[in-house]
Amino acid sequence: MMTKGLTIGALSALMLAGVHAQLAQELARGGNFSWKFNGGNYAISGALNTSGTVSASNPVAFFFRDANNDGLALDITLDVGQLLPDIGLSVTVDLIATVVSDDGTTAVIDWRGQIQPNQCIQVTQPIQTTIRVTNVQGKLRGRVTRITCGTDPLGQLSQNVHLRIDDEGGNAFNELSLEGYLFCPPENNQFLFVRASISDADWFGYGGGLPITIGNVNGDCTIDDADLLQVLFNFGSSDASSDTNGDGTVDDADLLTVLFNFGTSV
Ligand SMILES: [Ca+2]
Ligand SMILES: [Ca+2]
Ligand SMILES: [Ca+2]
Ligand SMILES: [Ca+2]
C-alpha cells in the first residue's frame, strides 16, 4: 500500500511539473539561447582614466550547462573577447545561474561569475598594452517572458524559440568589470592598477523551444508525427538532423526519444 501511495504521489508530482512547467525549466530544456548586446558605457579608472561608449556587438549563441553541478543547467560561459571584440581581450568567465523568481509567466534569472586569472593579457583598446588581469567579474540579470514560438529573431539557434529574455535591474545586476595592472608588472603596483567596468548594458535574447535532443528533429514548435515520420524515414541512416542523441546512427533510441516526448509543444 505504501509503495503504491508513493508511486501515485510521484506520478502526480510529475504530471503537475508537466502542466506547470516553469519558465526557467523551459529555458534550460532548450539548451541554449541567442544573445545580443546592444551597447553600453565603459569607464576606466586608476592608472588610466577614461570613459566612453561600448558599441553593439554581433549576436552570439550561449550554450547552457551545469558548470557548478547544482542541478540547474542554465550556466553560461561568457567570452569577453567575443562580447567586446574592439578591446582585443581574450578571457572567459563562467556565469552561474540562479532563479530569482519564476511564476510560470515571468521568470527573473541572475547569472554571476568571477575569475582571478592573474595572467598577462594583450589589449588593443583604449591603448595597446599588456595588462596583468587579476579579477574579472560578470553579472547579468534577465527577465524571461513567453513569446509566440517561431524562428530565432537573432538567427543563432537551429530550433524555434518561445522565450524572450531582456536585461533587468540596471547596473546593480548587470555589470562586467576587469581589474589588473598595466604593463604586466611582476608584483602588484598600486600606481599601475586599473579598473574597467561596463555599465548601462542593454541586451536581450531568445531561447526555449524544443531541441533535437528531446526528439524535435524538424526544429518547429511541437514534437509530433512529423518528427516521428522524419526519424522513421531516416531510420538506419546517419542523417544528423534525425539523430537525437548524436551517436551517428538513427535507430530505435532516437525513435523512443520522439515517442517519449510525443505531444510536447511550446
Ligand atoms: Ca548550475
Ligand atoms: Ca534592454
Ligand atoms: Ca517537431
Ligand atoms: Ca542516434
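Leaving aside its neighbours within four places in sequence, with which residues is Ala 56 in contact? In this predicted model, Ala 56 is in contact with Phe 37, Asn 38 and Gly 39, two residues being in contact if their C-beta atoms, placed from the backbone, lie within 7 Å. Residues are numbered from 1 along each chain as its sequence is written, while chains are lettered from A and ligands numbered from 1 in the order in which they are written. Because the model is predicted, local features need pLDDT of at least 70 and side-chain atom pairs count only at pLDDT 80 or more, whereas totals for chains, interfaces and linings use all residues.

The pLDDT, the predictor's confidence in each residue from 0 to 100, has a mean of 90 over the chain, and 91% of the residues reach 70 or more. Over residues 1-6 the pLDDT stays under 50, and the model has 0 contacts beyond four places in sequence for them. Residues 8-20 likewise have a pLDDT below 50, with 1 contact in the model beyond near neighbours in sequence. Where pLDDT is low, the predicted coordinates should not be read in detail.

The chain contains 5 helices and 11 strands; these are DSSP runs numbered from the N terminus, helices being H or I of at least four residues and strands E of at least two. Along the principal axes, the C-alpha atoms fill a box of roughly 70 × 45 × 35 Å. Of the 266 residues, 32% count as buried, a residue being buried if 20 or more other C-beta atoms lie within 10 Å of its own, exposed if 12 or fewer, and partly exposed in between, with C-beta atoms placed from the backbone. Among contacts with a separation of 6 or more, 62% join residues 24 or more positions apart.

Two domains are assigned, domain 1 (21-207) and domain 2 (212-260), with bounds from an automatic or database domain assignment. Their centres, taken over C-alpha atoms, are separated by 34 Å. Contacts link 7 residues of domain 1 with 7 residues of domain 2.

Ala 56 lies in the loop between β2 (50-54) and β3 (60-63). This residue is partly exposed because 13 other C-beta atoms lie within 10 Å. Cys 120 belongs to strand β7 (residues 119-123) and, with 15 C-beta neighbours inside 10 Å, also counts as partly exposed. Beyond its neighbours within four places in sequence, Cys 120 is in contact with Thr 130, Arg 132 and Cys 184.
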